[in-house]
Amino acid sequence: MLRKLAKAGFAAGMHRTGFDRMLAAGKGTDQLPLVLSYHRVVENFERSAANSISPMLVSTGTFEKQLDFIGQRYEFVPLDELAQAFEAGRTPGKNRKPLAAVTFDDGYGDTYYHAYPILKRKGIPLAVFVVTDLVGSTGMQVHDELHLMLRSALTQWARPSQQVAELLEQAGVAPTIKTLLCDQVLDPFRFTRLCLELLPNAQTTRLAELLRNNVSPPSDTLHEFHSVSWEMLQHMVKHGVTVGSHTKSHKLLVNETFPTILDEIKGSRIELEQRLGKKIRHFAYPDGRFNTDALHAVAAAGYRYAYTTCMHRDSQQPMLTIPRRVLWEHSCVDGFGRFSPSILSCQLNGIFDPATKCQQRHWESASVSPVQ
């Protein structure tokens, strides 16, 4: 609580004095286009957060407040227009405001049911990056399944650490990684993050399958994780929504070999173009992570623009490393859980960005998986 109150007080001072905008201007970022990244819009944050990864959620109320605040300072435009202005070096819009675009990752059904109607009512363009293997299915993203199954296991199993250790061994996880993961069993979010960062997709998928066979999750929540259908996507495209690729199965590309990366990236584009009858030019890296192989694969697959979730940009491929700013329910709340325009302003101006160098493996080749 004290930390949150201190952050809110600091942000209020920065915002009232305009120092947050001055710092952004000093870094030359105040007029750069802003690409917002969301995942899920839900009606009730607390209820959905009971079973979902909370940093992927924003309530409809908070979402509207964020959009209204940002709309006073930026001009919302379609993703194509923003990317083209970025490419040409022309950042301000018609009203001399910097440009902004709203994007959603993964293609959850609530993007169609909750986010799309709000944006349409406000006249704000939308772009959706979808995982094509899940479109129209009742399957779950592997990160959602790992998180939900582990949360359920903690309430159902007598010895969760021991039982998870046995499943990790069955999934073929190396002993050192297994020990690290077992230390995080009581924290489903941290456990899931480590699985995605340290394991190749084959092992995370196998682990999710083993958990599914040994745990009974609350059945009334499963529909929350379902993807949009092809009919929903076709309807949105007809009404001006931009659709981009987020791979075939949401594999974390930095953990995969180049042939797998290329198949994930190229295969999703081919299916989207066949199903929607539109040229697909935009790609978003799963978890915002890219490396040399991923960059080469995106270029080879013919995408014109690709998006990350950090500030790194490749000097040779700047349009394939466009940064986005991730927002969720608690991105802009004070110590009492109230919406804070000051904190949101500081977020948009990069005041809370890490001062240290990014630790992501951007420039390593993924030709060999990091976990053996």
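The model is predicted; local features require pLDDT of at least 70 and side-chain atom pairs pLDDT 80 or more, whereas totals for chains, interfaces and linings use all residues. Residues are numbered from 1 along each chain as its sequence is written, and side-chain values use heavy atoms, with hydrogens and water left out.

**Stop one: H9 and H10**

Select residues 175-182, helix H9, and then 188-198, helix H10. Helices here are DSSP runs (H or I, at least four residues), numbered from the N terminus. The two pack at an angle of about 160 degrees, with their axes 9 Å apart; axes are lines fitted to C-alpha atoms over the stretch in contact, and angles run from 0 to 180 degrees between N-to-C directions. H9 is therefore roughly antiparallel to H10, a term for angles over 145 degrees, while oblique covers what is left after under 35 (roughly parallel) and 65 to 115 (roughly perpendicular) are also set aside. The crossing of H9 and H10 is right-handed, that is, the near helix is turned clockwise from the far one by less than a right angle.

Show the side chains of Ile177, Leu180 and Leu181 in H9, which meet Phe191, Leu194, Cys195 and Leu198 in H10; contact means heavy atoms within 4.5 Å. This contact has seven nonpolar, no polar and no charged residues. Nonpolar covers Ala, Val, Leu, Ile, Met, Phe, Trp, Tyr, Cys and Pro, charged covers Asp, Glu, Lys and Arg, and the others, Gly among them, are polar.

**Stop three: H4 and H6**

Select residues 60-73 (H4) and 109-122 (H6), which pack at about 35 degrees with their axes 11 Å apart. Here Thr60, Phe63, Glu64, Leu67 and Asp68 in H4 meet H6 residues including His114, Arg121 and Lys122. The contact divides into five nonpolar, two polar and four charged residues.

**Last stop: the cavity**

Which residues line the largest cavity? Select Val142, Cys195, Leu196, Leu199, Pro200, Asn201, Thr204, His250, Lys251, Leu252, Asn255 and Glu256. A cavity is a set of points on a 1 Å grid over the protein atoms alone where a 1.4 Å probe fits but cannot get out, and lining residues have an atom within 4 Å of a point. The lining divides into six nonpolar, four polar and two charged residues. H10 and H11 (201-214) each supply at least two of the lining residues.

Methods. 1 Å grid on protein atoms, 1.4 Å probe; cavity = no way out; pocket = protein on both sides within 12 Å on 5 of 7 lines; lining within 4 Å.
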